[in-house]
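Reader: I am new to this structure and would like to learn how to read it. Could you walk me through it?

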Amino acid sequence: MLSIGEFSKICRVSTKTLRYYDEIGLINPDEINPDNGYRYYSMRQLKKMLFINRLKSYHFSLEEIKAVLEWEEDQSEEKLCSALNRKRREIQEKLNTLEYTLKQMSNDLLNLEQGIPMMSHLDNIEVQLVETEPMNILYIRQMMSSDDYAAGYGKFFSRLYEKITAEKLTLLGTPMTIYHSPDYNPARNDTEFAIPIEETVKGTRDLPGGLCAKSVLKGSYSELTSVYAKLTEWVENEGYELVNSPYEVYVTDPNQATVAENMVTEVYFPMRKTSIGVTRE
């Protein structure tokens with residue numbers, strides 16, 4: 001048996017952390033002395049603790065690790081492979097984002113050295129006035145936190161595609177996201193995931209067509225805020241006002257784009273002329 005201090009030293013996990021892991025049921029001491037409360041761990045628990053540390057290094061949450069440890073032995077290998085593959089994809093997405101950020105930073109530095117303002121790219125965002133057709137969309141509407149988006153997009157679009165496949169529905173377009181919240185709240189955003197289809201079935205609704213301001217982004221989703229800023233400015237300056245929630249159409253499947261620069265996203269602002277209708281210079 002190893003004392004909590006010895007176990008802590010070997011595994012490089014603080015005694016405070018070990019006590020917390022005991023509280024949440026992640027790993028419990030094999031023995032607690034009833035007289036003095038001293039905690040002891042067995043040699044066989046070293047492997048379990050090292051396994052927990054390995055999963056933590058892979059950015060698994062404690063909740064996810066606990067679930068892994070609770071899997072039945074005959075299913076654990078297959079489930080672990082699936083969980084590791086999913087986590088690897090998440091890390092790769094973060095690496096891609098960081099690489100894009102580094103490249104963007106290098107471009108900004110180069111522009112500044114040449115006397116070009118850092119935000120000059122806003123002037124290069126084009127806005128078109130388009131008339132869209134009504135669409136029948138299969139949708140899932142959900143309150144999402146900002147942390148939910150990365151995993152949420154894949155999760156909810158996958159669910160929609162599964163329904164389309166199971167019910168042999170006819171695709172008419174690429175996935176889209178509609179943002180209904182009047183303002184941004186990191187904890188709660190009213191978000192609708194949708195895919196245009198031909199058939200009217202349970203879980204579909206009509207998305208009205210009409211006049212829209214449209215911009216096309218070729219690049220990382222992190223640049224969408226610039227597109228939204230440009231569209232908002234254009235709508236105001238041209239004497240229009242929003243009449244429905246803005247939405248994004250993902251022309252390129254992010255899972256098939258090898259580099260961020262190849263991703264194409266269309267952004268639409270449904271609108272109408274204001275009662276004033278004056279175009280400002």
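Author: We will go through the sheet, the helix contacts and the salt bridges in turn. This is a predicted model in which local features need pLDDT of at least 70 and side-chain atom pairs count only at pLDDT 80 or more, while totals for chains, interfaces and linings use all residues. Residues are numbered from 1 along each chain as its sequence is written, and side-chain values use heavy atoms, with hydrogens and water left out.

Reader: In what order do the strands form the sheet?

Author: Let us start with the terms. Strands (E, at least two residues) and helices (H or I, at least four) are DSSP runs, numbered from the N terminus. Two strands pair if DSSP finds at least two bridges between them. Here three strands form an open sheet with antiparallel pairing, in the order β1-β3-β2. The edge strands, β1 (2–3) and β2 (31–32), each pair on one side only. Between β1 and β3 (residues 39–41) there are two bridges, in the antiparallel sense. Look for Ser 3, which stands opposite Tyr 40 in β3.

Reader: Thanks! At what angle do α1 and α3 pack?

Author: Axes are lines fitted to C-alpha atoms, for helices over the stretch in contact, and angles run from 0 to 180 degrees between N-to-C directions. Angles under 35 degrees count as roughly parallel, over 145 as roughly antiparallel, 65 to 115 as roughly perpendicular and the rest as oblique. Helix α1 (residues 4–11) packs against α3 at about 45 degrees, with the axes 10 Å apart, which makes α1 oblique to α3. Contact means heavy atoms within 4.5 Å. Phe 7, Ile 10 and Cys 11 of α1 make this contact with Gln 45, Leu 46, Met 49 and Asn 53 of α3.

Reader: And how do α1 and α2 cross?

Author: Their axes come within 9 Å and cross at roughly 105 degrees, so α1 is roughly perpendicular to α2. On the α1 side you will find Ile 4, Gly 5, Phe 7 and Ser 8, which meet Thr 15, Leu 18 and Arg 19 in α2.

Reader: Which residues of α3 and α4 meet?

Author: First, the geometry. The axes of α3 (residues 45–57) and α4 (residues 62–70) come within 10 Å and cross at roughly 135 degrees; that makes α3 oblique to α4. Lys 48, Phe 51, Ile 52, Leu 55 and Lys 56 in α3 meet Leu 62, Ile 65, Val 68 and Leu 69 in α4.

Reader: How many salt bridges are there?

Author: A salt bridge is a side-chain nitrogen of Lys or Arg within 4 Å of a carboxyl oxygen of Asp or Glu. By this rule there are nine salt bridges. One of them joins the side chains of Arg 44 and Asp 30, at 3.1 Å from N to O. This pair links distant parts of the chain, 14 residues apart: Arg 44 is in the loop between β3 and α3, and Asp 30 is in the loop between α2 (15–24) and β2.
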